[in-house]
Amino acid sequence: MLSLFTYINKPTMPLLSVSRYAQLRTLTRYYTTQVHTKPPTAILLTNMGGPEKSEHVYDFLHNLFSDRDLMQLPFQKLTARFIAKRRSPQIVEQYNMIGGGSPILSWTRKQGEAMEKILDKISPETAPHKHYIAFRYVEPYTHTALEEMKADQVKRAIVFTQYPQYSCSTTGSSLNELYKQIEAHQIKDIQWSIIDRWPTHPGFIEAMTSKIQKKLDEYTPEEREDAVILFSAHSLPMSVVNRGDPYPIEVASSVDHIMKKLGNKYAYRLCWQSQVGPKAWLGPQTSDAFKGFAKNGRKNLVVVPIAFTSDHIETLFELDHEYGTEAKELGVTGWKRVDALNDDPIFTQAMADIVKEHIDKNELVSKQWPLRCPSCTYQSCGNTRHYFTHQQQ
């Protein structure tokens, strides 16, 4: 077809009639279109998302507190509206302090675009690849991603959670919502598979270790010797932990692999942030940890957002503004926050490698995915697992 296209654009054009030339051009466009409209292999990037603008904060909070996979509240519909309305002004103020909105969508797009390019090179047989974004609590919602995939005539889709460590309240909730929307939209012609966790993938561990080492290198040798690495992950209600959620152990596994790659040369602790409400949550809280270290005279703390792959309010406001300011007031003069992975080339390469390895395994789900928590009673979890594990390949 390339030779045909070259031929009809040569100076010998006058030898062809105008009508014949038009026919050949139409034919060329037709075949070219056929070549370039092969449905892409879809990579669906799932995450909680964040409001890009202050006017989106209420909807984000309302959706968050309405999610029964995350928390179960009495009279949840009414309670969610009440909490969202009450907390919105404070959260808007926090977003204004970090630029007016969450950058998570922007970073996810950059990550997805970089991943696509690498995948097209290392997995040409499944090219072209295209990323889609399915946020749980804000646009682009899951149904929005499905509509885009339908428009692109996608036949093969890989769900790629952007939570490295699995939790029923995060990845589990996103997958339950995906199943719900697949059923609602009667989508029957897409073959799905799932990457549901990757807490110890070598590329992820390398990317995190590299970021931590760069921050440690900012200290003098004496300061570095005294530094404590404080890994901080989003906490979970103890009711979820006691149900058998694997998140705490998977976060701890990530930490263990990173510390081994660092040669186990530094003192460290794993802490938990972003608790909401009066109920018991997984601890120790990050805020209590740095206050305790400050009281004990520790001045050099390296804080690592271990469960977040891109910057958002938990890193830019909670860790940087809220905790960072208070820690320095308490005498922690060497407070440093490790940069989020964002579009770091090591990380985007790791993303592509994770997808490529998944494709090569030719499996629908991981060995862990079908296993429900020992005390799980949610029918939605059972329905979702049955759907994705019983597809016909």
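Is E218 buried, partly exposed or exposed? With a relative accessibility of 47%, E218 counts as partly exposed, where buried means under 20% relative accessible area, exposed over 50% and partly exposed in between (1.4 Å probe, protein chains only). The model is predicted, so to speak of local features a pLDDT of at least 70 is needed, side-chain atom pairs count only at pLDDT 80 or more, and totals for chains, interfaces and linings use all residues. Residues are numbered from 1 along each chain as its sequence is written, and side-chain values use heavy atoms, with hydrogens and water left out.

E218 forms a salt bridge with K336, with 3.3 Å between the closest N and O atoms; such a bridge is a side-chain nitrogen of Lys or Arg within 4 Å of a carboxyl oxygen of Asp or Glu. Because E218 lies in the loop between α8 (202-216) and α9 (221-226) and K336 in strand β8 (residues 336-337), the pair ties together parts that are 118 residues apart in sequence. K336 counts as buried, at 18% relative accessibility. K336 also lies over the face of Y219, 5.0 Å from the ring centre; this calls for NZ of Lys or CZ of Arg within 6 Å of the ring centre and within 35 degrees of the ring normal.

The structure holds 16 salt bridges. Among them is the one between K155 and D189, whose closest N and O atoms are 3.0 Å apart. K155 sits in the loop between α6 and β3 and D189 in the loop between α7 (171-184) and β4, 34 residues apart.

Next comes the sheet. Four strands form an open, parallel sheet in the order β2-β1-β3-β4; strands pair if DSSP finds at least two bridges between them, and helices (H or I, at least four residues) and strands (E, at least two) are DSSP runs, numbered from the N terminus. Strands β1 (residues 41-47) and β3 (residues 156-161) pair in the parallel sense over 6 bridges, and T46 has T161 in β3 as its bridge partner. Helix α6 (residues 142-151) packs on the sheet and touches β1, β2, β3 and β4, contact meaning heavy atoms within 4.5 Å.

A42 has its place in strand β1 and, at 0% relative accessibility, is buried. Leaving aside residues up to four places away in sequence, A42 touches K130, Y132, M149, V154, R156, A157 and I158.

Note on methods
Axes are lines fitted to C-alpha atoms, for helices over the stretch in contact, and angles run from 0 to 180 degrees between N-to-C directions.
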